Amino acid sequence: MTAHQLILKQRAELLAVLCGGGSVEPLDCVLDLLLAWEILVWEDYLSIRVAEKPLCSNVRQLLDVVYDKGEVACSLFLAAMNQVLPEEQKAGLCFGKECAVVGKNRPDTATLTLLTDRPVLVRQLRDNIDGALNALLTTGCFTIKDCDAVQLPVYTPSQQVRRLLDQARFKGETAAKTLLQYLEQTETTRPNPEDEENHFSANCLLYQKKLRSSVAAQSHSLSTYGGTGRFSLDDIYTDGLLEVTDGSSETLTLGLEDVVGPLGTLNEDADTVLVSGEAGSGKSTLLQRLHLLWAREALLTNTFLLFPFSCRKLNAEHRELSLKELLFLHCCWPDRGQDEVFQFILDHPNLVLFTFDGLDEFKQGFTDEERHCCPTKQVPIPILLFNLLQGTLMKGVTKVVTSRPQAVGPSLKRYLHKEVLLKGFSPGGIDCFVKKHHSDPAMARRVIESLQANMVLLSLCHIPVFCWIVTKCHQELLGGQDGIPQTITDVYLLVLQHFFLRKSPQPQGVLGKAWLEEHLDTVLKLGQLALEGLEASCYVFSGYELQRNGLTEQDVSLGFLIYCNDLSVTDCKRYEFLHITLQCLFAAFYVVLNRNSDRSAVSRLFQPQYRQLSGLSQRCLGHCIDSSVEEVESRVIETLNLQITAQFVSGLLSQRHHNLLLECCPTAVRERKVKQVVKSLSKGMQRHFKSIPRPVEGEKKSMHAMPSFVWLIKCIYEMQDNSIAQDTMAKLDVEHLKLTYCNIGPVECTALAYVLKYLRNPVGLQLDNNSVGDVGAEQLLPCLHICHSLYLRNNNISDEGIRKLLEKGMKCESFQKIALFNNNLTDACTQHFALLLKSKQNFLSLRLGNNNITSQGAEQLAEGLSYNQSLQFLGLWGNKIGDRGAEALAAALKNSTPLIWLSLVDNAVGSAGACALAELISQSKTLEELWLNKNCISRDGVECLIEALKMNSSVKEVWLRGNNLSPEEEEELSKQESRLTF
Ligand code: ADP
């Protein structure tokens with residue numbers, strides 16, 4: 001088959017692999033190669049890589065362009081794909097005959113070299129962007145503005161390099177030459193890794209080999225697929241959303257390769273990188289991926305030795321150990337030259353990396369009270385671990401630690417090099433995961449369709465562990481026996497059914513309605529083990545403990561408990577629950593179904609300070625409990641796990657699962673427990689409401705939610721009882737509800753909307769700096785009618801999410817303000833705002849700063865504004881509306897009577913735009929503030945503004961900092977008009 005035909009035939013698959021992970025990096029790498037090989041010219045590149053368009057339309061355009069260029073272009077495109085795609089994504093694709101890239105003469109200009117060497121340069125410059133920009137700045141080839149444009153935080157390092165290369169080419173030969181010279185210099189001064197390798201002794205190399213192969217074996221497959229042998233990590237790993245906030249609180253998106261790296265550094269002196277995310281967001285899996293790629297030399301290539309640790313397993317280490325013992329006992333022993341290898345580690349901290357998975361599960365909370373710096377002295381594990389994290393011991397070794405965010409307190413934060421947030425799957429990631437899970441594309445399609453049809457389920461799938469359950473239980477899901485799952489409990493019940501079904505005598509059969517009753521004994525035994533474990537921060541169990549709880553081989557074979565996958569050599573088998581959330585589910589079953597539990601078990605679970613260890617758990621899990629119970633009590637994480645448990649208890653006791661529990665729990669007992677849950681939830685909410693301060697005069701009555709507020713809301717949602725939601729909300733009386741930085745994703749939005757829709761009076765709902773996304777935005781619709789203002793700054797929302805939000809918002813009388821600073825909005829959404837402005841004559845405030853709106857979008861907005869008579873605040877800071885956009889807005893706003901505040905900061909507005917705005921000033925009777933900082937307005941423009949201000953008395957300030965004016969001009973002009981601020 002010709003390359004031409006191959007592209008046509010595999011179009012859908014090529015599209016899928018280039019768009020699948022949601023990252024543009026594979027596409028960019030292919031484009032780099034095609035530019036270098038001169039298959040694409042610059043105009044082609046510009047027509048393909050359009051930032052405003054979705055990734056898949058960029059890829060389609062590339063396929064079309066290459067296809068039109070003929071057979072040679074097609075075969076080189078396939079060669080580029082072959083080079084760029086990781087092995088696991090190549091399966092099933094055919095790349096045609098090997099085709100050699102014809103060697104061309106070296107280009108004779110530096111600008112051309114930047115193009116022909118582009119793939120190599122992107123790699124070389126990734127870690128040297130600052131240095132390169134410095135070189136260009138000091139030689140005068142680049143201005144500060146050029147540097148800022150390259151280093152915009154929305155771009156990944158590779159994208160920044162590409163912008164740097166493009167900018168240098170546009171600047172011309174001198175800039176290109178400077179850049180190449182800079183690279184030449186850094187290459188010659190950088191130590192050659194091969195030279196270094198020659199210095200590694202045979203024993204060190206041997207140990208590296210052994211460690212690599214143990215780490216590879218340990219990280220090859222995912223425990224959630226344990227036993228089935230169906231998937232390797234390569235087959236199923238899907239990139240999650242990784243973010244860091246830099247010092248200026250801007251959010252940057254990261255690739256896996258950036259987890260260890262300079263991006264997002266908070267503290268240069270610290271060596272610990274924290275990866276934080278909620279339970280099930282994929283932290284362990286991410287570490288596992290890092291381990292595997294290191295073992296294969298595909299990532300972290302500067303790391304000579306990587307030592308992976310699991311904190312839950314370290315809990316079971318009761319001996320005092322030296323650093324050397326920790327490394328070699330818990331990872332692997334060098335076969336030869338132990339002292340030499342250890343000395344090498346001490347001498348080369350920069351070549352060593354430690355990872356600690358699940359710091360939140362470590363029994364003892366972090367403290368930096370006891371200092372220890374001797375690598376050979378034996379000390380208790382917590383001291384060893386905490387001193388490693390602080391850098392007292394092994395300064396310079398990079399440590400990557402994972403944890404749930406709530407469990408990281410200020411004492412540890414001081415020692416963090418940076419904090420990377422793992423936010424689960426993007427919508428594209430969910431599709432990609434489902435496709436990887438189901439090799440049959442028709443089945444994958446059905447699952448994706450069923451998700452699209454159930455937004456609640458789709459919102460759950462942003463959290464990888466739910467995504468795993470939903471795909472794993474697709475049969476139960478698509479069979480839809482018990483209705484469509486709505487709650488987290490519904491979804492987890494699917495897993496239970498799935499596992500029981502797998503072991504039932506008729507493998508293809510359906511579980512009877514009484515499945516829980518049939519398996520009650522096992523569920524209770526697992527439940528007891530789970531609850532006792534949670535209460536004692538114990539997540540790993542010995543065979544002896546299983547036996548003591550009456551768990552048999554058969555119970556274990558159901559698959560909820562798995563063997564610990566461990567590098568260390570231990571003489572007994574140890575077990576853990578498949579995932580911490582499953583441990584919580586079984587604990588919840590125990591709380592609900594155990595007839596012997598004391599009557600206050602339910603209420604205690606809902607008390608925030610519940611950390612009482614039951615006598616039983618002390619007896620059975622003695623080894624897990626340290627001598628100092630106070631330390632155990634101080635652990636936040638038990639509370640978090642018990643909160644998840646409480647959420648499941650709420651779900652299990654909901655009316656939806658009444659029939660399931662019917663034969664397992666006497667009705668009277670069930671009803672008593674339901675009452676206890678309802679009472680606890682109501683009390684919990686009351687505590688929050690009581691914390692609402694009296695409003696200061698002139699300010700709104702406002703509630704800043706405490707962390708457990710969202711948890712209580714989620715419990716109410718699990719109960720699926722409107723009357724509970726209604727009763728609770730009837731007592732909340734605030735005008736503003738602030739839930740910023742609360743880890744609110746789509747799942748939380750579903751619960752929030754379910755409960756908040758019953759508020760008596762409209763509120764301002766402030767959800768800034770969360771991960772709402774398009775799916776979350778849609779989940780908020782049921783409560784939009786009760787929001788007079790919606791603040792969604794920095795929430796990863798795109799045009800599609802906004803379309804749905806505004807469609808509903810238009811019909812909501814109370815809805816008057818929206819703030820969407822720093823999302824992914826483009827011109828495609830402005831028509832919806834225009835419609836909103838036209839149809840809602842009570843809309844007050846629209847803030848769209850830091851999005852991607854150009855002059856076209858501004859023109860569309862202007863169209864809507866020309867019909868609007870209510871808008872008072874319009875913010876477009878940090879878009880690209882230019883003169884044309886400013887002119888259109890100014891013309892439309894001239895007729896707007898009430899406008900008070902307008903910001904067009906950083907929008908490439910020049911003097912023409914300023915003159916148009918001057919007309920607005922001369923006619924407006926209401927405008928008070930006009931913000932025009934960081935534009936390119938020159939003297940003419942400012943003079944127009946001054947003229948207009950002579951006729952205007954309402955304007956108080958016009959901000960003009962950072963425009964095209966010399967200091968002398970600024971001084972002179974500000975003398976002419978005092979309301980101008982330069
Ligand atoms: P956490 O450590 O944050 O609790 P895990 O890494 O244990 O979460 O993830 C739970 C499950 O979700 C995994 O066992 C796996 O099945 C699935 N999962 C998580 N992250 C990914 C990923 N990036 N790709 C594929 N599956 C994932």
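**Disulfide and helix packing in the predicted model**

The torsion about the S-S bond of C915 and C944 is about 75°, so the disulfide is right-handed. A disulfide is taken as a pair of cysteine sulfur atoms within 2.5 Å, and a search of the whole structure finds one. Its S to S distance, between C915 and C944, is 2.5 Å. Since C915 belongs to helix α48 and C944 to helix α49, the pair ties together parts that are 29 residues apart in sequence. Helices are DSSP runs (H or I, at least four residues), numbered from the N terminus.

The structure is a predicted model, in which local features need pLDDT of at least 70 and side-chain atom pairs count only at pLDDT 80 or more, while totals for chains, interfaces and linings use all residues. Residues are numbered from 1 along each chain, and side-chain values use heavy atoms, without hydrogens and water.

C915 is partly exposed, at 26% relative accessibility, and C944 is partly exposed with a relative accessible area of 26%; buried means under 20%, exposed over 50% and partly exposed in between (1.4 Å probe, protein chains only). C56 is in no disulfide, and the nearest cysteine sulfur, that of C19, is 5.2 Å away. C56 is partly exposed, with a relative accessible area of 29%. C473 is likewise in no disulfide, the nearest cysteine sulfur being that of C461, 11 Å away. C473 is buried, at a relative accessible area of 1%.

Residues in α48, including A914, C915 and L917, meet residues in α49, among them G941, C944 and L945; contact means heavy atoms within 4.5 Å.

Technical notes: Helices (H or I, at least four residues) and strands (E, at least two) are DSSP runs, numbered from the N terminus.
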